[in-house]
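User: I have a model open and want to go through a few contacts with you. Can we start with a charged pair?

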Amino acid sequence: MFMQLLANGLIAGAIYALIAAGFSLIYKTNKFVHFAHGSVIVAGGYLLYLFYSLIGINFWISVILTIISTALVGLLLNYIVYAKLRERKASPTIMLIASVGLLILIESLVLLIFSADAKTIGFLKVAKGISLFGAIITPLQIVIIITAILLLGFLLWLMKNSSLGKAMRAVSDDKNLSEVLGINTKKIYNYSFIIGSAIAGIAGILVALEQNLEPSMGSNLMIKGFTGAIIGGVSSVPGAILGAFLLGIVENFGIWFLPSGYKDAIAFGLLFIFLLFKPDGLLGIKKGIKK
Amino acid sequence: MISAYLIHVAIIICIDLVLALSLQISIGYAGLLNFGHIAFFGIGAYTSALLTMQGVPWIIALLCAGIIPMFFAYLLSIPTNRLKGDYLALATMGFSFVIYALMLNWNSLTKGPLGIPGITKPIIFGLKISNNLSFLILALVITGLTYSILHKIVKSPFGNLLQATRDDEDAAKALGKNTFKIKTIGLMISAFFAGIAGSLYAHYITFIDPSSFAMMMIIPIVCMIIIGGLASLKGTFFATIILVIIPEILRFVGMPSSILGPARQIIYALILIIILIYQPKGFFGKVVLN
Amino acid sequence: MLEIKNLKKYFGGIKAVDGCSFKLSDNKITALIGPNGAGKSTVFNLISGFEKKDKGKIFLSSQDITELKPYQISKLGLSRVFQKSRLFNNLTVKENLLISINKDNTQFWNNLLYPNKNKKLFEEKITDVLKLLNITKMKNHIAGDLSFGQKRLVELARAIILPHKILILDEPVAGVNPKIRKDIMKILSILKKQGETILLIEHDMYFTLNISDHIIVMDEGKVIAEGTPAQIKKNKKVLEAYLGD
């Protein structure tokens with residue numbers, strides 16, 4: 001039982017970690033809550049459905065197309081909306097509200113185009129579960145965990161060692177100083193959205209394969225990812241990843257004790273508690289809540 | 001036929017207006033970005049529905065629908081006192097969701113996802129509000145009272161102080177003001193009127209279920225108060241009317257319901273984003289969110 | 001009236017205030033000066049309750065206010081002007097002052113039922129203080145629209161009109177033009193003649209030496225010298241602290 005719950009927790013955590021990592025990267029660089037990230041994930045799932053299930057393109061090419069498309073969606077959001085708000089020196093609160101508006105916009109478009117009924121993508125789904133260390137786990141679920149770990153490991157390596165990663169951290173630490181030092185901050189903002197949204201696309205693909213797609217999933221996924229990021233430390237990408245895995249595990253162990261209907265409420269409850277008592281998360285750098 | 005439709009739209013405007021005005025107090029005047037406001041609306045609706053089903057007279061149920069959310073507002077204000085702006089918005093979203101989860105799962109109280117059907121129409125001192133026209137009159141009275149009470153509150157010295165707390169809480173503290181008490185009272189006022197709106201909603205639609213009170217249902221209301229202008233009751237009044245009417249016009253020109261739903265949201269989202277970029281004070285507001 | 005005893009405040013490894021003690025003389029203007037990082041603003045924040053001390057005690061009129069919250073300390077008679085402009089930017093100048101002078105505005109029901117209580121009295125007091133500071137024309141302007149110097153004057157007005165026993169001003173003339181600086185010097189002298197007790201932080205030496213009765217010098221979190229302006233001008237320790245040696 002314990003191993004099953006742990007496995008379920010890791011699978012959920014893997015998806016949350018992908019969501020949290022992309023979100024945290026964007027948050028850290030841009031300094032506002034890009035709530036629409038949730039809808040970018042959903043768009044990713046539906047784009048895979050479009051390319052693979054509706055149009056019939058080869059699965060792997062569809063995956064690549066999806067990732068490129070979601071990266072583009074994220075870039076467009078920054079270019080068309082956020083950049084303008086930034087120019088006008090909008091506060092993080094205004095950016096958050098605009099971001100929620102964008103989430104509604106994208107989700108409504110998805111609803112309009114694809115209608116509300118749940119969609120499934122038949123690939124790797126109908127496979128029998130294997131027994132591993134006392135837990136039943138499907139090949140897809142193993143793929144999810146491995147993909148997440150590999151991808152996130154690559155992301156962390158990128159952030160630490162590449163010049164882009166260093167530039168992003170510089171902008172995150174001190175935007176004005178970075179500009180003085182010759183970093184093109186506008187480009188860095190764009191890159192953060194491209195990379196963060198590409199990861200969101202991958203998360204969307206995995207979600208689409210593992211569960212059914214519904215247009216309104218975005219806000220729920222976003223809050224899960226955001227909660228994970230807060231638990232681990234929202235300004236720290238590794239922290240966000242760790243927190244997200246922890247969230248997945250706590251959620252699944254939590255419904256051992258609580259009625260399963262309260263599963264989502266566990267995440268929200270944790271969010272509430274952490275925002276109140278430990279807003280910098282378990283690993284985070286001090287952000288400082290106003291007194 | 002047409003008049004029945006217009007009466008329906010007018011009632012919806014009244015309910016949304018009371019709800020929007022209540023949120024304006026919280027966000028525009030008190031500066032509390034309470035994205036969990038729908039929870040108060042829902043608690044009011046359930047309170048009113050459940051009490052009248054137990055035979056409680058509607059007027060009492062209405063008052064309780066206003067008062068019960070105030071307790072929740074008080075409880076919410078304690079832990080969130082130190083949170084600001086976006087962190088407060090997210091924490092209150094969490095609160096909203098927890099209340100939603102309770103509505104969905106506490107079957108013995110709320111009947112869970114099945115909801116509560118057959119809510120009785122209001123009976124005031126023996127007079128049954130049996131048709132929509134009389135309900136409209138009731139709604140207009142309540143909306144009018146709401147507007148004038150809130151207007152008095154914001155123009156009073158307390159209203160001034162609420163706005164000062166929004167503008168600079170530390171400065172208010174340095175002038176000897178207990179800002180926690182002020183913010184809490186502001187939140188409780190907004191919860192009260194949200195609950196009143198909830199009661200009106202429950203007794204008009206006569207059926208409520210948790211889906212009407214999901215966290216994201218706050219978005220159209222947020223649009224109304226921002227587009228109208230923060231800290232402007234007048235702006236909220238006009239914005240609410242316009243935002244309710246626009247989708248109805250679409251329905252009038254024959255847009256099918258399945259498209260109407262998302263189309264409405266798209267319009268709201270677009271207007272909100274455009275306003276935030278080009279006219280963040282909205283049409284009548286003086287205040288930009290800090 | 002105001003006394004601090006062995007105040008200590010650390011931020012991580014930094015000893016912002018490291019055993020600071022002084023007694024403020026009544027009915028005088030005292031200046032707290034010292035190089036940047038000496039701990040002056042931290043002392044102000046500790047006195048007014050915006051920072052919590054690590055060690056030490058603060059007394060206002062012999063009452064221990066060390067553990068009190070900012071609004072409680074203010075109610076006991078401390079009126080403060082911040083270094084950064086902290087007006088209620090969306091309210092008018094008059095409304096800013098009304099907030100200050102109306103002690104009852106936290107009473108919700110009272111306000112709703114009797115919104116005009118004391119209205120005339122407040123109007124008079126506001127008119128007086130606006131005249132004192134020569135900003136009568138600004139009365140109905142939105143505070144956020146004013147120039148920097150005008151804002152500082154409104155802040156001063158707001159602090160003066162608050163019923164208080166002691167005024168503490170954090171850099172009242174920093175960044176203002178010479179005319180406004182002169183106006184503020186004049187206002188402070190008038191206040192002193194009325195028997196006010198004032199503590200201020202300033203870097204402007206001309207202003208400080210001319211307006212103060214008493215000067216306290218801080219460096220590295222401690223008081224290193226106290227005395228009249230004449231004494232301080234000649235004090236070797238002070239010169240070292242400012243010029244480094």
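User: C:Asp170 and C:Arg80: buried or exposed?
Analyst: C:Asp170 is buried, and C:Arg80 is too; buried is under 20% relative accessible area, exposed over 50%, and partly exposed in between, with a 1.4 Å probe and protein chains only. This is a predicted model, in which local features need pLDDT of at least 70 and side-chain atom pairs count only at pLDDT 80 or more, while totals for chains, interfaces and linings use all residues. Residues are numbered from 1 along each chain as its sequence is written, chains are lettered from A and ligands numbered from 1 in the order in which they are written, and side-chain values use heavy atoms, leaving out hydrogens and water.

User: What does C:Asp170 form with C:Arg80?
Analyst: A salt bridge, with the closest N and O atoms 3.9 Å apart. The term covers a side-chain nitrogen of Lys or Arg within 4 Å of a carboxyl oxygen of Asp or Glu. C:Asp170 is in strand β7 (residues 166–170) of chain C and C:Arg80 in strand β6 (residues 78–81) of chain C, so the pair links distant parts of the chain, 90 residues apart. Helices (H or I, at least four residues) and strands (E, at least two) are DSSP runs, numbered from the N terminus.

User: How many salt bridges over all chains?
Analyst: The structure holds 21. One of them joins C:Asp18 to C:Lys222, with the closest N and O atoms 3.2 Å apart. C:Asp18 is in strand β2 (residues 14–24) of chain C and C:Lys222 in strand β10 (residues 222–227) of chain C, so this pair ties together parts 204 residues apart in sequence. C:Asp18 is buried at 16% relative accessible area, and C:Lys222 is partly exposed at 37%.

User: And which residues are in a salt-bridge network?
Analyst: B:Asp168, B:Asp170, B:Lys173 and C:Arg86 are linked in one.

User: Switching to chains B and A. How many residues of each are in contact?
Analyst: 44 residues of chain B are in contact with 45 residues of chain A, contact meaning heavy atoms within 4.5 Å. The two chains bury about 3,900 Å² between them, 80% of it on carbon and sulfur atoms. Buried area is the accessible area (1.4 Å probe) that two parts lose on being put together, summed over both.

User: Which residues of chain B lose the most area to chain A?
Analyst: B:Tyr87, B:Leu90 and B:Ile277, together 18% of what that side buries.

User: Now rings. How many aromatic pairs over all chains?
Analyst: There are 27. Rings of Phe, Tyr and Trp (its six-membered ring) pair if their centres lie within 6.5 Å; planes under 30 degrees apart count as stacked, over 60 as edge-to-face and the rest as tilted. B:Phe40 and B:Phe95 form a tilted pair, 6.0 Å centre to centre with 55° between the planes. B:Phe40 is in helix α2 (residues 38–53) of chain B and B:Phe95 in helix α4 of chain B, 55 residues apart. Both B:Phe40 and B:Phe95 are buried.

User: Why is the pair of B:Phe192 and B:Phe193 edge-to-face?
Analyst: Because the ring planes of B:Phe192 and B:Phe193 are at 90°, with the centres 5.0 Å apart. Both B:Phe192 and B:Phe193 are buried.
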